[in-house]
Amino acid sequence: MSMEIEPPLEVRYYALMKEEVEDKNGRLVVENEEREIVEECEDEVELPVIDLGLLKMGNLEREKCKNEMVEAARNWGFFQIINHGVCEKVLKAMIYEQKKVFNEPFAKKSLSNFLNLVGTYRWGNPVAISPTQISWSEAFHIAVLEVSNLKDHVTLRTTMEGVVKKLGRLAEKISEILGQSLGIKSSYFKERCEKGKSSFRLNRYPPCPFASKVYGLIPHTDSDYLTILYQPQISGLQLLRAGKWFPVKPNPQALLVNIGDLFQVVSNDVFRSLKHRVVASEAVERFSFAYFYCPSDDVLIESWLKPSNYRQFSYKEYRQQIEKDVEKTGNKVGLSRFFLHNMLLPHLGQ
């Protein structure tokens with residue numbers, strides 16, 4: 001692989017890594033942080049699989065599908081969907097197009113107006129102060145409403161437009177089903193997200209010489225209603241449930257869905273936004289893409305079920321608080337900033 005396409009992750013983090021792997025006499029040492037990454041993992045888990053094809057059948061089949069989805073969202077916060085209407089050819093075409101973009105030289109990718117969009121390219125973690133805050137990855141994070149502005153990348157744009165349209169409809173439908181189980185009207189999420197801040201993220205995880213010491217993507221929860229992820233054959237995704245990390249078994253026929261922070265608030269903790277991470281790989285290059293279903297800045301986030309565990313806040317306020325926390329500490333604090341009465345909740349996966 002040509003080093004031209006690599007972001008300079010090793011250069012940026014060399015000093016930080018050197019402090020961790022050598023003592024004052026130059027001898028290799030094993031830190032607790034390494035054991036935390038490697039030894040906490042349980043056996044690989046296969047998440048619940050929901051067949052969306054049942055929604056097109058009779059009443060019994062439709063109700064079965066909806067009930068299974070609600071139970072998966074309650075018990076796991078993550079689930080897989082099959083017969084979702086996005087054909088494998090389209091998914092593979094998106095991976096092919098994103099590989100072409102990532103294969104551009106780093107000097108070109110990192111230009112502020114690359115793809116004619118400002119601030120879309122991200123790599124590493126610029127505020128990392130320890131190895132466990134390093135994300136050994138690069139990404140293009142694009143607002144859904146700006147995809148049409150990819151004027152000079154015709155096949156990338158047309159492929160992305162098709163995928164984003166389908167994933168957006170899926171996110172709307174899944175949110176509607178989960179919301180109706182709470183008594184929420186069917187148009188609730190569409191009204192808040194149709195012209196909102198939904199985004200699309202292309203991910204690349206380069207091979208990492210410090211794979212046992214850093215993450216591909218640091219542990220986090222998603223700051224949205226729902227996330228829909230496509231990861232082909234090779235997965236590094238792990239989720240935290242009941243205090244234990246579980247590697248997720250990849251299913252190339254399925255899309256992966258997870259509950260985000262905003263849905264946890266709306267459901268008043270009926271559905272939980274689980275912490276998850278991507279581990280680094282020493283030898284394997286990996287790709288994935290994700291759709292983040294988000295509202296407009298001015299949308300108020302509040303619990304539908306009462307009494308609420310959270311105070312009311314706008315989506316803009318939530319994002320700004322996250323930015324402040326990350327800038328200050330290197331980590332996202334998230335929903336605990338918005339608890340009412342400083343209450344301590346029993347966290348299913350945290």
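Trainee: Which residues line the largest cavity?
Mentor: Bear in mind that this is a predicted model. The lining is made up of Q80, L229, Y230, Q231, V248, K249, P250, N251, A254, L255 and L256.

Trainee: And what volume does the largest cavity have?
Mentor: About 60 Å³. The structure holds one cavity of 30 Å³ or more.

Trainee: Which strands each supply at least two residues of that lining?
Mentor: Those are β7 and β10.

Trainee: How does the lining of the largest cavity divide into nonpolar, polar and charged residues?
Mentor: Seven are nonpolar, three are polar and one is charged.

Trainee: OK, pockets next. How much space lies in the second largest pocket?
Mentor: About 300 Å³. Its lining counts 15 residues, and those nearest the centre are V144, G168, C193, E194 and Y291.

Trainee: Where does the largest share of that lining come from?
Mentor: From α6, which gives five residues. At least two residues each come from α6, α7 (188-193) and β12.

Trainee: And by class, what does the lining of this second largest pocket have?
Mentor: Six nonpolar, six charged and three polar residues.

Trainee: Let's switch to the sheets. In what order do the eight strands of the open sheet run?
Mentor: The order is β1-β2-β10-β7-β12-β5-β4-β3, with mixed pairing. At the edges are β1 (49-51) and β3 (121-123), each of which pairs on one side only. On average, neighbouring strands here are turned by 25° against each other, ignoring direction.

Trainee: Which helix touches β1, β2 and β10?
Mentor: That is α3 (residues 59-75), which packs on the sheet with its direction at about 155° to that of β1. Helix α6 (residues 154-180) packs on the sheet as well, touching β2, β4 (138-143), β5 (199-205), β7 (226-230), β10 and β12 (286-293). The direction of α6 makes about 55° with that of β12.

Trainee: Back to β2 and β10: in which sense do they pair?
Mentor: Antiparallel, over four bridges between residues 78-82 of β2 and residues 255-259 of β10. To pick out one of the bridges, F78 has N258 in β10 as its partner.

Trainee: There's a sheet of four strands too. What is its order?
Mentor: It goes β6-β11-β8-β9, it is open, and the pairing is antiparallel. Both β6 (215-220) and β9 (244-247) have a single partner strand, so one side of each is left without a neighbour in the sheet. Neighbouring strands are turned by 25° on average in this sheet, again with direction ignored.

Trainee: How many bridges join β8 to β9?
Mentor: Four, with β8 (residues 237-241) and β9 running antiparallel. Look at R241 there: its bridge partner in β9 is K244.

Trainee: What does UniProt list for residues 196-295?
Mentor: The unreviewed entry gives "domain: Fe2OG dioxygenase" for that span. In the model, the span is 6% helix and 44% strand, and its end C-alpha atoms lie 4 Å apart.

Key
Residues are numbered from 1 along each chain as its sequence is written. This is a predicted model: local features need pLDDT of at least 70, side-chain atom pairs count only at pLDDT 80 or more; totals for chains, interfaces and linings use all residues. Side-chain values use heavy atoms; hydrogens and water are left out. Two strands pair if DSSP finds at least two bridges between them. Axes are lines fitted to C-alpha atoms, for helices over the stretch in contact, and angles run from 0 to 180 degrees between N-to-C directions. Contact means heavy atoms within 4.5 Å. UniProt positions are given in the numbering used here, feature names are shortened, and annotations may be inferred rather than shown by experiment. On a 1 Å grid over the protein atoms alone, a cavity is a set of points where a 1.4 Å probe fits but cannot get out, and a pocket is an open set with protein on both sides within 12 Å along at least five of seven lines; lining residues have an atom within 4 Å of a point. Grid points are joined across faces, edges and corners, and a volume is the space filled by probe spheres set on the points. Ala, Val, Leu, Ile, Met, Phe, Trp, Tyr, Cys and Pro count as nonpolar, Asp, Glu, Lys and Arg as charged, and the others, Gly among them, as polar.
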